[in-house]
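Q: I would like to learn how to read a few features of a model. Could you take them one at a time?

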There are 4 protein chains.
Amino acid sequence: MTPPPLRIGLIGTGRIGQVHAAGIAANPRTTLAVVADPFVEGARRVSERYGGRATDSADDLIGSGEADAVLIASPTPTHVDLIASSVAQGLPVLCEKPIDLDISRVEALRPVIREAGVPVALGFNRRFDPAFASARARVEAGEIGALEQLSIISRDPAAPPADYVRASGGIFRDMTIHDLDMARFFLPEIVEVQAVGSRLFDEGAREHGDFDTAVTTLRAASGAIVTIANSRHSATGYDQRLEAFGARGMLQVANAPTSLVSLSTAQHVEAKPPYQEFFLERYAAAYAAELAEFVSLARGEGSTSPTFDDGRAALILADAAQRSAEEGVAVPVDLS
Amino acid sequence: MTPPPLRIGLIGTGRIGQVHAAGIAANPRTTLAVVADPFVEGARRVSERYGGRATDSADDLIGSGEADAVLIASPTPTHVDLIASSVAQGLPVLCEKPIDLDISRVEALRPVIREAGVPVALGFNRRFDPAFASARARVEAGEIGALEQLSIISRDPAAPPADYVRASGGIFRDMTIHDLDMARFFLPEIVEVQAVGSRLFDEGAREHGDFDTAVTTLRAASGAIVTIANSRHSATGYDQRLEAFGARGMLQVANAPTSLVSLSTAQHVEAKPPYQEFFLERYAAAYAAELAEFVSLARGEGSTSPTFDDGRAALILADAAQRSAEEGVAVPVDLS
Amino acid sequence: MTPPPLRIGLIGTGRIGQVHAAGIAANPRTTLAVVADPFVEGARRVSERYGGRATDSADDLIGSGEADAVLIASPTPTHVDLIASSVAQGLPVLCEKPIDLDISRVEALRPVIREAGVPVALGFNRRFDPAFASARARVEAGEIGALEQLSIISRDPAAPPADYVRASGGIFRDMTIHDLDMARFFLPEIVEVQAVGSRLFDEGAREHGDFDTAVTTLRAASGAIVTIANSRHSATGYDQRLEAFGARGMLQVANAPTSLVSLSTAQHVEAKPPYQEFFLERYAAAYAAELAEFVSLARGEGSTSPTFDDGRAALILADAAQRSAEEGVAVPVDLS
Amino acid sequence: MTPPPLRIGLIGTGRIGQVHAAGIAANPRTTLAVVADPFVEGARRVSERYGGRATDSADDLIGSGEADAVLIASPTPTHVDLIASSVAQGLPVLCEKPIDLDISRVEALRPVIREAGVPVALGFNRRFDPAFASARARVEAGEIGALEQLSIISRDPAAPPADYVRASGGIFRDMTIHDLDMARFFLPEIVEVQAVGSRLFDEGAREHGDFDTAVTTLRAASGAIVTIANSRHSATGYDQRLEAFGARGMLQVANAPTSLVSLSTAQHVEAKPPYQEFFLERYAAAYAAELAEFVSLARGEGSTSPTFDDGRAALILADAAQRSAEEGVAVPVDLS
């Protein structure tokens with residue numbers, strides 16, 4: 001017999017919260033039970049469209065008994081407390097990344113989660129992208145032999161507003177963190193971090209002491225080397241590529257085409273349209289798969305969801321990258 | 001104020017009928033009102049999943065007053081009568097291709113439809129494929145200058161069962177007919193048809209005097225020349241490409257990738273996975289767009305749906321191709 | 001011991017004659033012995049640059065005893081007589097295509113060559129292009145199973161001067177003839193020809209009753225179908241592609257890139273530079289390989305050079321295409 | 001009036017010396033005057049094939065007065081002395097990279113060359129590769145706006161013999177040095193170096209304390225960041241790619257195709273043959289262009305040849321990369 005849908009409490013109804021609300025409504029194994037946002041109008045609009053009760057209080061949501069699991073899509077500073085309250089109620093959590101910008105708060109939360117024994121998944125949605133997941137599975141299957149180099153290119157279409165940059169924790173904790181997790185998806189045991197950052201074009205970055213351009217190099221315990229190239233802008237659109245180089249060959253993940261049509265003229269041949277606009281388009285399938293996997297996790301069915309510890313590891317790496325970029329040293333890391 | 005959804009009566013619940021049922025259920029502007037199939041179990045299964053009343057009688061469906069429009073997905077020999085009955089009731093029709101295998105029955109139906117003044121759309125779904133539609137729009141916009149040559153490659157993954165071939169009317173009326181309409185999407189006024197067919201691999205084709213491999217050449221009134229290459233099989237998967245060559249350049253529609261991942265080894269580099277399996281995958285977006293456009297047609301809002309006359313034109317061209325392939329003559333055609 | 005270089009007499013010092021002169025000078029197994037052109041200044045310029053004696057008389061060249069073999073690159077109407085004189089002297093011939101525009105003159109020459117027993121090679125240089133030769137070898141090796149469809153795209157960058165068109169014998173005998181031979185390179189036994197031609201843009205074609213755009217369809221004895229798409233112009237440059245479709249897969253020959261660099265901007269991504277300008281660039285390697293193979297032929301070492309009979313077959317096919325395009329009938333052909 | 005060919009004295013007749021000998025013989029503006037190699041048999045074989053007098057003494061060559069310029073292709077430890085002797089005789093020099101493995105010897109040579117006032121070119125042949133040269137010219141022309149990131153991928157097909165590794169000075173001074181110069185071709189002013197190296201597969205590297213896999217990150221004075229990925233092996237062949245990312249777009253240099261043919265089957269589609277074998281194939285055109293440009297330099301006609309100072313800069317960067325990889329620090333550099 002099919003179990004009843006997992007009743008999900010959604011906290012936060014900004015852009016990413018709305019993506020999750022739509023995903024919950026579309027998934028036959030989930031239902032949107034409660035929607036919380038201190039800006040209650042946002043919660044109401046979401047619940048009207050996708051179902052569930054609207055509330056302005058996350059505590060109400062967590063304590064109501066109406067939800068079987070919690071999806072946290074609220075601002076980063078609220079994550080740690082909301083995870084703690086949820087697991088205290090025995091509610092499995094899917095939390096958007098990053099857990100927090102302060103690793104000491106993350107470390108403090110770690111034993112709390114362990115003791116609660118409740119699963120906490122982190123929203124590293126790119127692991128669920130069909131292309132990246134397939135590339136990784138094919139590496140695991142040995143198609144290219146031992147993995148020796150991994151190159152990740154990740155460039156946003158345009159720099160965020162200066163205010164966003166101020167609160168983001170900087171490019172490494174905000175943007176690179178996705179790529180650091182992708183690196184760990186292929187090579188979980190990273191032991192050293194180098195990074196270099198520049199301010200080339202973004203006023204917001206300049207204002208807040210952040211970088212708009214960065215390269216991060218990681219060394220894995222196996223000796224494999226990872227390179228991550230980031231930029232806060234990209235004229236051709238959202239640029240998300242990966243290349244896994246191994247002893248016997250190479251797997252490459254290309255950008256997703258936005259059309260099958262190419263144009264050839266006297267000026268240039270086989271020109272394709274620019275890349276997809278941004279992550280909502282590029283990772284639409286990944287968000288759906290992430291949610292499905294979280295249901296399995298919440299149900300105790302076995303799951304490949306990235307966990308709280310993956311979120312912690314990514315933050316440790318981001319901190320190390322930040323320090324390396326600032327101090328010009330290679331930073332050894334211990335993710336255990 | 002949003003009008004209520006268009007209540008659609010679906011006739012036929014085979015593979016393509018089920019695609020349409022799912023599309024009707026997913027489209028906020030349509031609702032599945034009645035489902036008819038003489039094999040009433042099929043109708044019931046569809047109505048249970050996607051809504052609507054099940055009946056074993058198409059006449060019941062058409063006469064019930066429960067449907068605002070009719071979608072005909074039943075076997076080809078039933079199309080003419082069902083269209084006639086529907087328009088007699090004033091019900092707009094979306095009919096799967098072909099209208100009929102016998103052009104005389106189509107010609108007889110033509111004045112009936114004209115007099116009824118009810119819109120009849122034909123299910124040439126490929127016109128709604130984003131890639132083909134974009135290529136055609138860009139040709140219309142003049143990106144490649146005057147269109148001089150159009151090349152269409154259309155190969156099914158594997159030959160159909162011999163029984164299907166027997167009833168299909170042959171490769172030109174069954175398979176090429178889609179490409180003939182695609183040719184007319186770019187170049188409506190075709191004036192001459194040449195074709196050559198071969199029996200190379202398919203027992204069913206051999207048995208029933210059909211071809212499994214065919215090339216059709218069309219001349220448009222403008223002098224532009226169209227080439228259509230068909231095969232009943234394709235080891236690499238469903239092969240659907242188009243190339244529009246004009247005075248100032250070329251637009252090419254590639255096959256849809258099934259993954260963004262490519263593999264390079266000592267044997268070969270940049271190898272991609274095989275093409276999509278078949279039309280349900282390749283044209284999923286097209287079916288949805290086709291339905292949306294039919295709603296506009298039924299509502300009298302203006303529509304780009306291919307019409308009964310497009311269906312008739314495609315059949316005339318298919319007949320001409322058949323004759324050309326059999327008799328070794330170029331066949332002039334008059335589509336007016 | 002290495003034999004002395006083959007002493008070649010070159011007749012004709014136009015564009016293609018100069019290509020051959022350079023090739024003869026560059027090949028260590030050949031030497032340019034005599035150069036003949038009624039426009040003796042041309043002969044002198046070539047001999048000064050590449051060696052050999054200049055003369056205004058082809059008869060002088062053929063009768064001089066100074067040449068071991070003859071390369072005929074003079075105007076088409078002179079080919080038949082020059083071949084006849086050469087083989088009468090026992091001199092192996094490499095003759096540019098076509099043999100003649102009049103098939104009756106070709107047929108009359110046929111027994112002459114047979115009786116002389118002297119090898120006559122035809123300048124179908126594309127057979128020696130590394131890409132086409134490799135594609136054909138891989139078809140022969142069975143990589144794609146039985147060959148079922150062959151598609152050839154062949155478009156010149158720009159229409160020739162009207163005068164050229166007048167003397168060329170028309171697009172089929174002048175341009176398509178290369179593609180007809182390429183078709184026979186893969187499928188020697190062609191049994192039927194269909195063609196359609198249009199006059200779309202070229203004043204010269206219009207003036208002289210020729211076509212500037214043509215599609216030719218061939219049926220091979222095996223049932224395989226060949227499509228040849230020709231145009232007298234191509235905005236993107238010299239367009240030379242081929243696709244061999246078989247029971248187990250497909251081999252595709254792309255246009256040669258003119259640079260490894262591609263450009264991506266906000267307008268379009270991965271845009272490459274236009275194709276090569278024309279045949280001198282595209283087939284440079286082929287001309288060299290053609291000459292090398294002719295040396296083997298002249299030396300009786302075994303050779304894959306296309307022969308007089310291949311030249312005759314291509315002309316028969318071109319005549320059939322011309323007739324099919326004019327009369328709207330499929331033309332059966334017998335190439336034996 | 002055309003000046004007489006530049007008489008070149010070639011020192012060293014190993015693999016690269018032979019490439020240069022062939023290039024000198026093929027270039028109409030150069031002639032091979034003297035060939036020196038202590039292994040005089042090698043010198044003799046080269047002079048027999050490409051001209052010039054053979055000698056076992058480089059001093060003889062330099063002092064003979066028979067050469068207008070010197071091309072040094074002997075083992076690295078001899079470069080400094082041979083450059084010094086040549087410029088002392090007023091002979092322009094084209095020297096293979098690296099100048100020396102010891103930067104102090106290079107610094108000592110620097111004022112000697114300056115005082116002599118004789119041009120010394122360094123054999124960074126990749127600057128002359130048509131693809132890299134075109135990409136750089138297009139960056140200079142502003143096609144992608146300000147250059148922000150430069151990614152260089154450079155992988156040899158297979159690890160060299162262990163003996164070679166021992167004498168090579170390590171991967172950074174031997175292999176990366178080409179890429180460091182390529183970085184400076186686009187961004188001459190490099191100010192900081194980070195590197196990470198691993199020993200993953202090559203016994204020779206392990207034995208001699210070298211790396212077989214390395215990533216080097218450079219920061220330019222402009223803030224632009226360069227990434228260089230190196231490997232001593234590559235299953236798919238010689239892997240030489242570059243990507244220049246700018247404010248307005250991206251220029252990419254692909255690997256050179258070894259064939260225009262691609263294969264599609266039920267297993268994979270559009271698979272191309274592996275990349276070229278190694279540098280002799282990949283950079284054939286570059287060696288010819290390098291020599292031509294050196295002739296201009298030697299003749300005082302103005303030249304784009306990389307100079308002794310470029311060779312020195314690359315070695316400083318290689319040393320910095322070596323130190324960074326060993327000590328885990330970012331190394332600031334001053335190339336002035």
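**Reading contacts, strands and helices**

A: Start with a pair of residues across two chains: in this predicted model, Leu263(A) lies opposite Leu251(B), a residue of β12(B).

Q: How many bridges join strand β13 of chain A to β12(B)?

A: There are five, and the two strands, β13 of chain A (residues 261–265) and β12(B), run antiparallel.

Q: How are two packed helices described, and at what angle do α8 and α12 of chain B pack?

A: Two packed helices are described by the angle between their axes and the distance between the axes. For α8 (residues 171–186) and α12 (residues 308–327) of chain B, the angle is about 120° and the axes are 8 Å apart. The two helices are therefore oblique to each other. The crossing of α8(B) past α12(B) is right-handed. Among the residues making the contact are Phe172(B) and Leu180(B) of α8(B), and Ala314(B) and Leu317(B) of α12(B). The contact comprises nine nonpolar, two polar and four charged residues.

Q: Why does Ala25(D) count as partly exposed?

A: Ala25(D), in helix α1 (residues 15–26) of chain D, counts as partly exposed because it has 15 C-beta neighbours inside 10 Å. Beyond its neighbours within four places in sequence, Ala25(D) contacts Leu32(D), Tyr50(D) and Gly51(D).

Key:
Residues are numbered from 1 along each chain as its sequence is written. Chains are lettered from A and ligands numbered from 1 in the order in which they are written. This is a predicted model: local features need pLDDT of at least 70, side-chain atom pairs count only at pLDDT 80 or more; totals for chains, interfaces and linings use all residues. Two strands pair if DSSP finds at least two bridges between them. Helices (H or I, at least four residues) and strands (E, at least two) are DSSP runs, numbered from the N terminus. A residue is buried if 20 or more other C-beta atoms lie within 10 Å of its own, exposed if 12 or fewer, and partly exposed in between; C-beta atoms are placed from the backbone. Two residues are in contact if their C-beta atoms, placed from the backbone, lie within 7 Å. Axes are lines fitted to C-alpha atoms, for helices over the stretch in contact, and angles run from 0 to 180 degrees between N-to-C directions. Angles under 35 degrees count as roughly parallel, over 145 as roughly antiparallel, 65 to 115 as roughly perpendicular and the rest as oblique. A crossing is left-handed if the near helix is turned anticlockwise from the far one by less than a right angle, and right-handed if clockwise. Ala, Val, Leu, Ile, Met, Phe, Trp, Tyr, Cys and Pro count as nonpolar, Asp, Glu, Lys and Arg as charged, and the others, Gly among them, as polar.
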